[in-house]
Amino acid sequence: MVLEVDRAVVAYDGRPVLDGVSLKVAPAEVVAILGANGSGKSTLVKAALGLVPLSAGEVRLFGTPLRRFREWRRLGYVPQRVGAGSGVPATVAEVVAEGRLARRGFLRVASAADRRAVAEALEAVGLAERAREPVAVLSGGQQQRVLIARALAGGPELLVLDEPTAGVDAASQEAFAGCLDRFVRDGGTVVFVAHELGPLRPLITRAVVVHHGEIVHDGDPPETDNDHVHPHAGAA
């Protein structure tokens, strides 16, 4: 398995946000984590990456317990609604090049392979022609694509994205869907949090619905973007 979450419990100020959640993701799957606002879906992926602590349970990445996992180059992560430039003047290519640091380290000079990976990642998200421009001049959707390119530049096996299309224009959503399609066809695995699926729907192999900190559906994707909020949750 690429990712295994076993009976995970997360609590904030004593209030449970995840309550004994278990999830397994196999290689080459595209798993959508769905649910209403406040359901715990983003907390689930953050717990899986060690970004929030578990009160109980265990996470394994590529078969290794999270507490011992060190092969971060195998993982690409795109957080929710974070400005690509992070307030620091930088070009598009410079931000994407940060994705190579896990592979080459901070002290080594970028190699030809690093530069090629950056160029390929920018091509994948449709921003090759904007490489020398400041990130600050891009639209919100384009900045999100820069963050995806940064994750892809590291050559990950697993790509984890937290609401990658939230507030993103239609053109960027289509470009993102095409990028993910190529990543999966090349053998990658994807886990992403979403409130609506849009153009990503045809790529999904499995949908997981989170409701009040519990998984209430794990199987076929919903037929519409409204199906993941009410029917399965009501059944639970």
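Which residues does L161 touch, not counting residues up to four places away in sequence? I looked this up first, keeping in mind that this is a predicted model, where local features need pLDDT of at least 70, side-chain atom pairs count only at pLDDT 80 or more, and totals for chains, interfaces and linings use all residues. Residues are numbered from 1 along each chain as its sequence is written, and side-chain values use heavy atoms, with hydrogens and water left out.

**Entry: L161.** I found L161 touching V78, I148, F176, L180, V190, V191, F192 and V193; contact means heavy atoms within 4.5 Å.

**Entry: the cores.** A nonpolar core is a set of buried Ala, Val, Leu, Ile, Met, Phe, Trp, Tyr and Cys residues joined through side-chain atoms within 4.5 Å. Buried means under 20% relative accessible area, exposed over 50%, partly exposed in between (1.4 Å probe, protein chains only). The largest such core has 39 residues, and V96, L161 and F192 touch the most other members. I saw that α5 gives the most to this core, with seven residues. Helices (H or I, at least four residues) and strands (E, at least two) are DSSP runs, numbered from the N terminus. I also noted a second, separate core of 29 residues, which includes V191, V193, V208 and V210.

**Entry: Q142.** Back in α5 (residues 140-153), I stopped at Q142. Q142 counts as buried because its relative accessibility is 18%. Leaving aside neighbours within four places in sequence, I found Q142 in contact with L127, R130 and S172.
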